[in-house]
Amino acid sequence: MDQLALLFVLLLGAVVSVPVGDRFGLPSPVLMTLLGIVLAVADFVPNVDVPPDLILPLVLPPLLYAAVRRTSWRQFAANKRPIFLLAVALVFVTTVCVAAVAHSVIPGLPVAAAVALGALVAPPDPVAATAVAGQLGLPRRLVSILEGEGLFNDVTAIVLYHVAIAAAVSGEFVPGEAALELVLSAVVAVAVGVGLGWGANRLLDLLGDATLQIGLTLLVPYAAYVLAEELHGSGVLAVLTCALFLAEYATDPDDVLTRLAGHAFWDIVDTLVTGVAFGLIGLELHNAIRTASGRWGEMLGWAGIIAAVVIVVRLGWLLPATWLTKRLHARRDYDEDIPLSWRETVIMWWSGMRGVASVALALAIPLETDAGEAFPDRDEIVFVAFGVIMATLVLQGLTLPWLVKRLGVRADTEREKAFERELAVRAAKAAKRRLREIEEVEELPEELSEQMLRRAFEIGVRISPEMGEEERREAHDARVRRLKRVRRIQGELLSAARHEVLAARSEAGADPEVVDRVLRQLDVRSLR
């Protein structure tokens, strides 16, 4: 098996793992990691030859962009306190605790190298957390916090990692310069993200065509990441800023086709890239195995200790942080997503799985220092990092569904339905207001006006049937049954038309481009 065949196996596994995971109640990223582990120990599978410094730029930008599409800037702003406590403060605390323990238990490990180890295992993986949380039907407030933590903690961890690596390589560390680097990295990243977001928004308006617009959205996160890194900024923060800007300002409510095609496209990208990324985590296990070099007992002991520190520190931080957030939340007027019980806090604790970023940072540790000497204890750091990743990702990922079921933590469906009804009412009222505005400038027949008024009401009822009165709901249900019958017959008519047009594609003298253009019109008509 060569590298190309291995990539195909990972892509196929990414597709198949989704229904398999749904069938057995297991997260698809964890299944892909297990597949990677199986492939890593198979003799006929080649070692993965991906430069470590390319893993983050290739994998993170599309995954971060896809994750941001499911949220909004307002949500981040409303939850800034719990996100800060997890994505920034907890990363610092975890880094310090891991560095202190690693420095004491691993003989001869320098402080800078220990800090690098702490930084690379500190951030929970955003993709693993959101993928797992989304499949388990957790309360939306928990998913929001996990998404926010996962999206922003890499920024803090990667900057800490680079500072520690620079200190280990050069042998010098200046706290003032490190703090300044952290601030400048964030400023540059935000500037790049906003600038590229603004430019991409303007370019999207100029392109017009849905295919070109979606293609541009695939390029933008890569451009944001690379440009920010070239300017010594945080590539992760630049992608997040750019994606949030586009989500806020580049949405045209009437561009239905682009929105539907964009959602489908990014769902595919998210599924494939996530599968390949977690498959690579399992495949890279051979690097950790090679570094053990007959010291399995000793190095597994170190990995177990550091994994325990990572898990315990998260719980020890979450308990007081959740209590503090609740106290502050009670004094606020606005709604903020926080865990409402100890059960939800436990689920948040057990959702702290490490993944793609930790693997990439571990493999990207330099081989030598500036003095030409071997990087101190690089093999030990890589092995311990992989031990922590496997312990959190596989152990926690496989047991999290059981824990959720055991504790009975479920989404608040009543709250979601209430918000859905509220949106339905707002949508119907907006349609009625627009109808009144049209009637002020156009003279509509009474029959047509009444018909349009019913249609405006039906807009809301179709979103949430419960908003209508019983009598109106019955009338609406009758119309829905009639509409379904009409759509069924219309669908069969359009199907016959599509078959005929598609058959013309293989006829002599037929222009395939014209056939595809007509077929596209029929497809769009079928969506209405």
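**Salt bridges, helix packing and surface of the predicted model**

Glu492 and Arg488 lie 4 residues apart in helix 20 (residues 470–503), so about one helical turn separates them. Helices here are DSSP runs of H or I with at least four residues, numbered from the N terminus. The structure is a predicted model, in which local features need pLDDT of at least 70 and side-chain atom pairs count only at pLDDT 80 or more, while totals for chains, interfaces and linings use all residues. Residues are numbered from 1 along each chain as its sequence is written, and side-chain values use heavy atoms, with hydrogens and water left out.

Glu492 and Arg488 form a salt bridge, with the closest N and O atoms 3.6 Å apart. A salt bridge is taken as a side-chain nitrogen of Lys or Arg within 4 Å of a carboxyl oxygen of Asp or Glu. Glu492 is partly exposed, with a relative accessible area of 49%, and Arg488 is partly exposed at 46%. For these classes, buried means under 20% relative accessible area, exposed means over 50%, and partly exposed lies in between (1.4 Å probe, protein chains only).

The search of the whole structure finds 3 salt bridges. One of them joins Arg434 to Glu437, and the closest N and O atoms of this pair are 3.0 Å apart. Arg434 and Glu437 are separated by about one helical turn, because they are 3 residues apart in helix 18 (residues 413–441). Arg434 has a relative accessible area of 49% and is partly exposed; Glu437, at 42%, also counts as partly exposed.

Arg314 forms a salt bridge with Glu149, where the closest N and O atoms are 2.7 Å apart. This pair links distant parts of the chain, with Arg314 in helix 14 (residues 296–330) and Glu149 in helix 8 (residues 140–170), 165 residues apart. Arg314 is buried, with a relative accessible area of 3%, and Glu149 is buried at 2%.

Two packed helices are described by the angle between their axes and the distance between the axes. Axes are lines fitted to C-alpha atoms, for helices over the stretch in contact, and angles run from 0 to 180 degrees between N-to-C directions. Helix 5 (residues 80–105) packs with helix 6 (residues 111–121) at an angle of about 135 degrees, the axes being 8 Å apart. Helix 5 is therefore oblique to helix 6. Angles under 35 degrees count as roughly parallel, over 145 as roughly antiparallel, 65 to 115 as roughly perpendicular, and the rest as oblique. The axes of helix 6 and helix 17 (residues 378–407) come within 10 Å and cross at roughly 25 degrees, which means that helix 6 is roughly parallel to helix 17.

Asp53 is found in helix 3 (residues 52–68) and counts as exposed, with 56% relative accessibility. Asp53 and Leu361 are 308 residues apart in sequence, yet their C-alpha atoms are 8.2 Å apart in space. Leu361 is among the buried residues of helix 16. Helix 16 (residues 356–363) is mostly covered, with 8 of its 8 residues buried.

Val20, in helix 1 (residues 3–24), is partly exposed at 32% relative accessibility.

Notes: Helices (H or I, at least four residues) and strands (E, at least two) are DSSP runs, numbered from the N terminus.
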